[in-house]
Every structure is written in structure tokens, then in C-alpha cells.
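Thanks for asking me to look this over with you. Please have the model open while you read my notes.

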Amino acid sequence: MKDTNKKTHFGYREVNEAEKSKFVGDVFTSVSKSYDIMNDAMSFGMHRLWKKIMVELASIDDKDIILDIASGTGDISKIISREYPNTTIFMSDINFDMLSEGRNRAINESFDSNCSFCQLNGENLPFKDNSFDLITVGFGLRNFTDKEKGLSEMKRCLSENGKLLILEFSKPINPLFSKVYDWYSFNVLPKLGSIFANDSESYQYLAESIRMHPDQVSLKNIVLKTGFKDCKFYNLLNGIVAIHVARND
Ligand SMILES: C[S@@+](CC[C@H](N)C(=O)[O-])C[C@H]1O[C@@H](n2cnc3c(N)ncnc32)[C@H](O)[C@@H]1O
């Protein structure tokens, strides 16, 4: 029988596993309209470059079938669609408001011709085994209740030798840089959230959830433990962000 009292983290708070996805859902519903402007404001536009690098590292073939999990407002799908118009892209997100923002944007900015839209939980993918050549997850895995379950599902849905790319916040390497980054995260981010999204709490959650997420090496080990092979990671901005690349066995 499923243990309904099993605990997990929502930022620094300990919550029941069953509650986490509702709390995460509330965060993204609240920020969905201001999500893009906040990304630019808090990263000084650098998230655009990180996403471009992720797509470069994916070595996409023009005929690939691609699942973009936690696609949100669609930045990653947009880059792929523009650069590889013959791919088939499934933009997917658990949150209706974020997915709707992504879908509207895809239509308004004309990158919808090779995109489909699916509301789904990345921990329970409604696809057959071996369905995709590539799965991308940008700044999404951190919010999963059960990351191992999500990764197992991704492995199941990837074709043999298919690629997994995870773009996620990670741990800065330099201790001094880390201190400045901590100050920025806990003092500036919530204020920016208050100004641009009228919501400081969601950005306090962002700062906390980053600290609770496994660092680069731990995430690599989790990916390998799930059964992926050849997992490598690339640190960006001193490890504030890392891209993990792995292949299905
Ligand atoms: C920080 S946004 C990232 C959006 C986009 N990938 C980007 O890089 O800009 C995180 C997204 O993950 C989604 N998400 C959280 N948990 C999820 C889950 N279990 N399955 C699918 N999507 C999830 C949220 O709804 C949100 O849209």
C-alpha cells in the first residue's frame, strides 16, 4: 500500500509527498503571466544563452521526435523548432497555465507548426516505450516530487541510445562566488518577484528549491543509477547552472 505520509521538500519546508505537486502548481500558476520577464530580470538575460547551449549539446537530427518536459512558456521548444523545423516536438507541462502560455506563444511567434501540446506529469508519462529520440527538461526536474521516478519514465520513453538533456540550477564551484550568489538569491530574487510578479514567496521558493536540489555530481549519479549511460555534465556560470547529457542504454 502507498505510504501517504511519506515526506519530501517544498523549498526548505517538509511536506507530505502528496501535497508537493499542488504547492508547485500554485507557484507556477501564480507566476505564469510574468514568468518570461522574470527569467530575463533575474538572470540578466543569460537563461537564453544557457538554453541555446543545451540545444547545441543535444546534437539534434532534423527528423528527431522530441519530448520537452516541463516546457513552460516554450523557450527550449522554440529554439529547437526554429533551428530544426523538420523535428516533431511535444511541448509538455503539468501546469495548465504554463502550458497555455507556451501554446499561445508558439502560435503567436509562429513556432507551432511542428509542436504538439500535452498536459502531463513528467513522473508518469502517457507514452509508449521507445517513443522519443530526445527528451529535454529545462529547469523542471528540481520541482518533481520523485525525481528517480521521473527519470525512469524518461528512460522508458526514450529509444535505444536516445538522448536525455537536463538543464538545471546546480552548485557554484567557487566558495566566494557561492556566498555572493546566496546573498543575491535570498535578498534580490524575492524583491524582483515582488516587483515583476507581485509574488515574492514564489521566488523565495525558487532560491530554497535550488539549495535542496542535488548538486552536479549527485545528479549525475542519480541519472546513472536510473540506468542511463555516458552521463556528462557541463557547468555554466561557475556551476550556478549545469547541463547533464546522458544516453539511454
Ligand atoms: C521553471 S519552469 C521551466 C520552464 C521552461 N522549461 C524554461 O526553461 O523556461 C518549470 C516548469 O516545470 C513544470 N513542472 C513542475 N513539475 C512538473 C512535473 N512533475 N511534470 C511536468 N512539468 C512539471 C512547471 O509547471 C513549470 O512550468
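1. A word on the ground rules. This is a predicted model, in which local features need pLDDT of at least 70 and side-chain atom pairs count only at pLDDT 80 or more, while totals for chains, interfaces and linings use all residues. Residues are numbered from 1 along each chain as its sequence is written.

2. Start inside. A nonpolar core is a set of buried Ala, Val, Leu, Ile, Met, Phe, Trp, Tyr and Cys residues joined through C-beta atoms within 7 Å. Buried means 20 or more other C-beta atoms within 10 Å of a residue's own, exposed means 12 or fewer, and partly exposed is in between, with C-beta atoms placed from the backbone. The largest core has 43 residues, and Met54, Ile135, Leu164 and Leu167 touch the most other members. Strand 7 gives the most to this core, five residues; strands are DSSP runs of E, at least two residues, numbered from the N terminus, and helices are runs of H or I, at least four.

3. Apart from that core lies another, of 15 residues, including Val24 and Tyr205.

4. Which residues does methionine 54 contact, leaving aside neighbours within four places in sequence? They are Ile76, Thr136, Gly138, Leu165, Leu167 and Ile243, where contact means C-beta atoms, placed from the backbone, within 7 Å.

5. Now the angles. Most residues other than glycine have a negative phi. Serine 110, however, has a phi near 55 degrees, and sits in the loop between helix 5 (96-108) and strand 5 (115-119). Serine 110 is exposed, with 10 other C-beta atoms within 10 Å.

6. Asparagine 161 has a positive phi too, near 70 degrees, but its place is in strand 7 (residues 158-169). Asparagine 161 counts as exposed, with 11 C-beta neighbours inside 10 Å.

Conventions: Contact = placed C-beta atoms within 7 Å.
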